[in-house]
Amino acid sequence: MSDNKTFAPSSAFQAQAIAGAELYAKAKADRLGFWAEQAKSLHWHKPFTEVLDWSHAPVARWFDDGELNVSYNCLDRHVEAGLGDRVALYFEGEPGDRRVITYSELTAEVKKAANVLINLGVVKGDRVAIYMPMIPEAVITMLAVARLGAIHSVVFGGFSSDALATRINDADVRVVVTADGGYRKGKASALKPAVDEALADGKCPTVEQVLVVKRTGEDVTWTEKDHWWHDEMAKAETEHMAQAFPSEQELFILYTSGTTGAPKGILHTSGGYLTQATYTHRNIFDLHPETDVYWCTADIGWITGHSYVVYGPLANGASQVIFEGTPDAPHPGRWWEIIERYKVSIFYTAPTAIRSFMKLGREIPDKFDLSSLRVLGSVGEPINPEAWLWYRDVIGGGHCPIVDTWWQTETGAIMVSPLPGVTSLKPGSAQTPVPGIEIKIVNDQGQEVPRGEAGLLTITEPWPSMLRGIWRNPGRFHEAYWSNFEGQYFAGDGAKWDEDGDLWLLGRVDDVMNVSGHRLSTAEIESSLVGHPWVAEAAVVGAKDEITGQAVVAFVILRLDQVEAAGAAENISKILREHVSKDIGPIARPRQIMVVAELPKTRSGKIMRRLLRDVAEDRPIGDVTTLADTSVMSVISSKIAGGASD
């Protein structure tokens, strides 16, 4: 664990910071007035007079009598304000192709794309599925759908045809927008065949049209439903007037797949969502749109890509990088090369990526000029203190504040994060709710727990970007999020306040183990393991144990050079188990430590701990289709079966 060293903002950073400490006081004094003030930073075609209607709880209605257009807020208003020549997107394709797109150019493309969709029959309320690589046309399509008051459902381009079909059918999608393929790790990766397979034999009867962007130029099978993007764009009218829609107009459905059950279609609406995405993006990343170049590495297939690649940055008039490829193609310094090329000043990525760079060593980032960076962000899972410090020192040059953000697909926008010009930063801690957000940490009975004790994180007051339900399943919405504690949203995450009152996220409750009646966080034990110089990466699960209820089982990737240098290869398990015991306490000592070459990760970089639990409990391995490399689990299983665990 961290030694609780903190890093105060420099006086120079504080002097120019967008967000000051007064935000907390304002939000505390008048929470609804505070949110109304944030909403007024947007353009409302019809101003709202009502801030929150909570009479149909847990379904909120924010700014309900107001009207706006999300796409207009991200595009037209900047052009009308004379900012049309500002760069909106610096696009870097994996093969090295580049495009620079200004706000004027992006607005023109979105207008044409909106007209293309109209020509394909799309009207307000229709659902459009987007299954695309990270190319400008993906962003253009999202904004064009929003412009029409239609609803987009973005499906990550790494998902299978079955996963795509499930999502298309749940939402009764009318139009699918895709590409022939994208580039990944140096070669073309097809997408259109997965769409063809999803639609084959009438499996998705509601789909009437398919729009296809030519990206890789590979041959594709063509049907009577298919249209080339470039042909339709060439024919489309260039003008499109953005119409005002009610604040509660549905904006998008985004499916989250849990470890069990069908994917949940998380529904977000327009005014409240855009308010909080814009407010958090501006204040948490200290965005100065005139001078900053921002880069969030998320794919638009995830909520981070929705809120912090598309809607938040563009509503704020930011200039940003979007990148099609992976961090290691064609070489492991690609990300740092991109930061150097575009002089990126704000960088937002996942702890998994940071840990994988740590494993490769600082020699790679040290070859590049990263001096343009001034704010770093972390998202996706708790970041262990060692990775936080490496990120700050190696990538941030020892001076960049790190905003460690907690939020979910369901919350729509960041809920817990330091403010970089206000908070004294503590490695590994998300620290404090964003001004305007109210949370508690409670026990199983819903009573608040004292500082230092692990509990369950709940949100006690409605927030503007909250989900409005699960698509066509209100019963599941209530059951999944509101049934545990009266009037409180339960996020499914464990957390604790430390002695200083800072918040530590302990991962999903599924990832909080109960060992002999003690609640132990997988994140805390993983942090301890990664804190040992031999360990590059770790994943911890709770496995059934007849004596203790659950036992700690750890899977570790070693820094082999360090182990060899120590000359202690035969004692790895014993030494690491003792290290955890000393660091956290004997109760946390792993029953078993398994040394592996890789961990099972989804394409978005999350470790699939349920699969490791299958191994730890000697069960058949569950569904591996969402893994970036499906062979990882068979390698782990065969190694364990062969007696290679410690």
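The buried residues of helix H8 pack against strand E6 (127-131), strand E8 (175-179), helix H9 (192-199) and strand E14 (250-256). Contact here means heavy atoms within 4.5 Å, while helices (H or I, at least four residues) and strands (E, at least two) are DSSP runs, numbered from the N terminus. H8 itself covers residues 161-171, and its buried set is made up of Ser161, Ala163, Leu164, Ala165, Arg167, Ile168 and Ala171. For burial, the cut-offs are under 20% relative accessible area for buried and over 50% for exposed, with partly exposed in between (1.4 Å probe, protein chains only).

A word on what is being looked at: the model is predicted, with local features needing pLDDT of at least 70 and side-chain atom pairs counting only at pLDDT 80 or more, while totals for chains, interfaces and linings use all residues. Residues are numbered from 1 along each chain as its sequence is written, and side-chain values use heavy atoms, with hydrogens and water left out.

E14, one of the partners of H8, is largely enclosed by the rest of the structure, because six of its seven residues are buried. The strand belongs to an open sheet of eight strands with mixed pairing, in the order E12-E11-E8-E6-E7-E14-E15-E23. At the edges stand E12 (226-228) and E23 (469-470), each with a single partner strand, so one side of each has no neighbour in the sheet. Two strands are said to pair if DSSP finds at least two bridges between them.

Around E14 the pairing goes both ways. With strand E7 (residues 151-154), E14 pairs in the parallel sense over two bridges, and Ser153 has Ile253 in E14 as its bridge partner. With E15, E14 pairs in the antiparallel sense over six bridges; here Leu254 is partnered by Ile266 of E15. E15 (residues 264-269) is in turn joined to E23 by two bridges, and these two strands run antiparallel. Ile266 turns up again in this pairing, with Ile470 of E23 as its bridge partner.

Elsewhere, two helices cross. A packed pair of helices is described by the angle between their axes and the distance between the axes. Helix H3 (residues 31-39) and helix H11 (residues 271-284) pack at about 85 degrees, with their axes 9 Å apart. Axes are lines fitted to C-alpha atoms, for helices over the stretch in contact, and angles run from 0 to 180 degrees between N-to-C directions. H3 and H11 are therefore roughly perpendicular to each other; angles of 65 to 115 degrees count as such, those under 35 as roughly parallel, those over 145 as roughly antiparallel and the rest as oblique. From H3, the contact takes in Phe34, Trp35, Gln38 and Ala39, which meet Thr275, Gln276, Tyr279 and Arg282 of H11. Sorted by type, the residues of this contact are four nonpolar, three polar and one charged. In that scheme Ala, Val, Leu, Ile, Met, Phe, Trp, Tyr, Cys and Pro are nonpolar, Asp, Glu, Lys and Arg are charged, and the others, Gly among them, are polar.

Helix H17 (residues 522-530) is mostly covered, with nine of its nine residues buried. Among them are Glu524 and Glu526, along with Ile525 and Leu529.

Most residues other than glycine have a negative phi, and most peptide bonds are trans. Asp201, not a glycine, has a positive phi of about 55 degrees. Asp201 sits in the loop between H9 and strand E11 (209-213) and is exposed, with a relative accessible area of 79%. Gln431 also has a positive phi, about 75 degrees, but counts as buried at 2% relative accessibility. The loop holding Gln431 runs between strand E20 (402-404) and strand E21 (439-442). A cis peptide bond joins Ala57 and Pro58, with omega about 10 degrees, and Pro58 lies in the loop between strand E1 (52-53) and strand E2 (61-62). The bond from Ala329 to Pro330 is cis too, with omega near 0 degrees; Pro330 lies in the loop between strand E17 (319-323) and helix H13 (334-342).

Zooming out, the protein chain has 21 helices and 30 strands. Of its 646 residues, 61% count as buried.
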